[in-house]
Amino acid sequence: MHGRGSYTDGQIRYDGEFVENLKEGRGVLRRLSTGERLEATWVADQVHGLGTLTSPSGDKYVGAFVGGKKHGIGELHYANGDMFRGQWTDDRAEGQGVLLYANNSRYEGSWRDNQRHGMGTFHLTDGSKYEGLWLHGRKEGKGALLLPSGATFSSMWTQGGISGQGLLE
């Protein structure tokens, strides 16, 4: 097939551009079993460039793809109102990013394998914030809790909790 057309195999339906029977150019792919919809640019049968992936649950990713995976800068809007904006590698939040929660709290910082990992700041809705290290999604190592009153509680953290004594200033 060459030019605009449609293809279906019972599992997917693709409507868009083809070159020598390969998806090439703009097109929309629908996974018939899941209802997932991907509108994107295709290169040699792979999603490559900017696109929009919408799941039946209401989650929606808008951003860069490489080799069919989220890769580069993108935003994932969750059906529950949360939104992640940042760097992606091989379909995972990786590098720098911001997760804005529906309740107005937010995390800004480093990510690895879809989890907070490295230096980051978590802003709570009461005006306090935690600044410090994260490991596999939990506070780990040196960190400080800055309170709305201006006081600061510095401590070591292990598996998300305070480890030992801290210092309140």
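The charged end of K70 sits over the ring of Y61, 5.6 Å from the ring's centre. K139 does something along those lines with Y130, lying over the face of that ring at 5.3 Å from its centre. Keep in mind that this is a predicted model.

**Aromatic rings**

- A pair of aromatic rings is described by the distance of the centres and the angle of the planes.
- With centres within 6.5 Å counting as a pair, the tally is eleven aromatic pairs.
- One of them is Y61 with W88, an edge-to-face pair with 5.4 Å centre to centre and 80° between the planes.
- Y61 sits in strand β6 (residues 60–66) and W88 in strand β8 (residues 83–89), so this pair ties together parts that are 27 residues apart in sequence.
- Y61 and W88 are both buried.
- Then there's Y107 with W134: the ring centres are 5.3 Å apart and the planes are at 80°, so this pair is edge-to-face.
- Y107 is part of strand β10 (residues 106–112) and W134 is part of strand β12 (residues 129–135), so here too the pair ties together parts that are 27 residues apart in sequence.
- Y107 and W134 are both buried.

**The largest pocket**

- The volume of the largest pocket is about 200 Å³.
- Its lining takes in 14 residues, and the ones closest to the centre are R31, L38, W42, V47 and G68.
- Three strands each supply at least two residues of that lining: β3 (22–31), β4 (37–43) and β5 (46–54).
- By type, the lining residues split into six nonpolar, two polar and six charged.

**G67**

- You'll find G67 in the loop between β6 and β7 (69–77).
- Its relative accessibility is 39%, so G67 counts as partly exposed.
- Setting aside residues up to four places away in sequence, G67 touches Q46, V47 and H48; V47 is also among the residues closest to the centre of the largest pocket.
- G67 and W42 are 25 residues apart in sequence, while their C-alpha atoms are 9.2 Å apart in space.

**K23**

- K23 belongs to strand β3, one of the strands that supply at least two residues of the pocket lining.
- This lysine has a relative accessibility of 11%, so K23 counts as buried; the cut-off for buried is under 20%.
- Leaving out neighbours within four places in sequence, K23 is in contact with Y14, E17, F18, L29, W42, V43, A44 and D45.

**R138**

- R138 is placed in strand β13 (residues 138–146).
- With 43% relative accessibility, R138 counts as partly exposed.
- Not counting residues up to four places away in sequence, R138 touches L133, Q159 and G160.
- From R138 to S105 is 33 residues in sequence and 16 Å in space, C-alpha to C-alpha.

Note on methods:
Residues numbered from 1 in each chain as written. Predicted model: local features only at pLDDT ≥ 70, side-chain atom pairs only at ≥ 80, totals over all residues. Heavy atoms only, no water. Phe/Tyr/Trp six-rings, centres within 6.5 Å; stacked < 30°, edge-to-face > 60°. Helix = DSSP H or I, 4+ residues; strand = E, 2+ residues; numbered from the N terminus. Buried < 20%, exposed > 50% of the residue type's maximum accessible area, 1.4 Å probe, protein only. Lys NZ or Arg CZ within 6 Å of the ring centre and 35° of its normal. Contact = heavy atoms within 4.5 Å. 1 Å grid on protein atoms, 1.4 Å probe; cavity = no way out; pocket = protein on both sides within 12 Å on 5 of 7 lines; lining within 4 Å. Points joined across faces, edges and corners; volume = space filled by probe spheres on them. Nonpolar A, V, L, I, M, F, W, Y, C, P; charged D, E, K, R; others polar.
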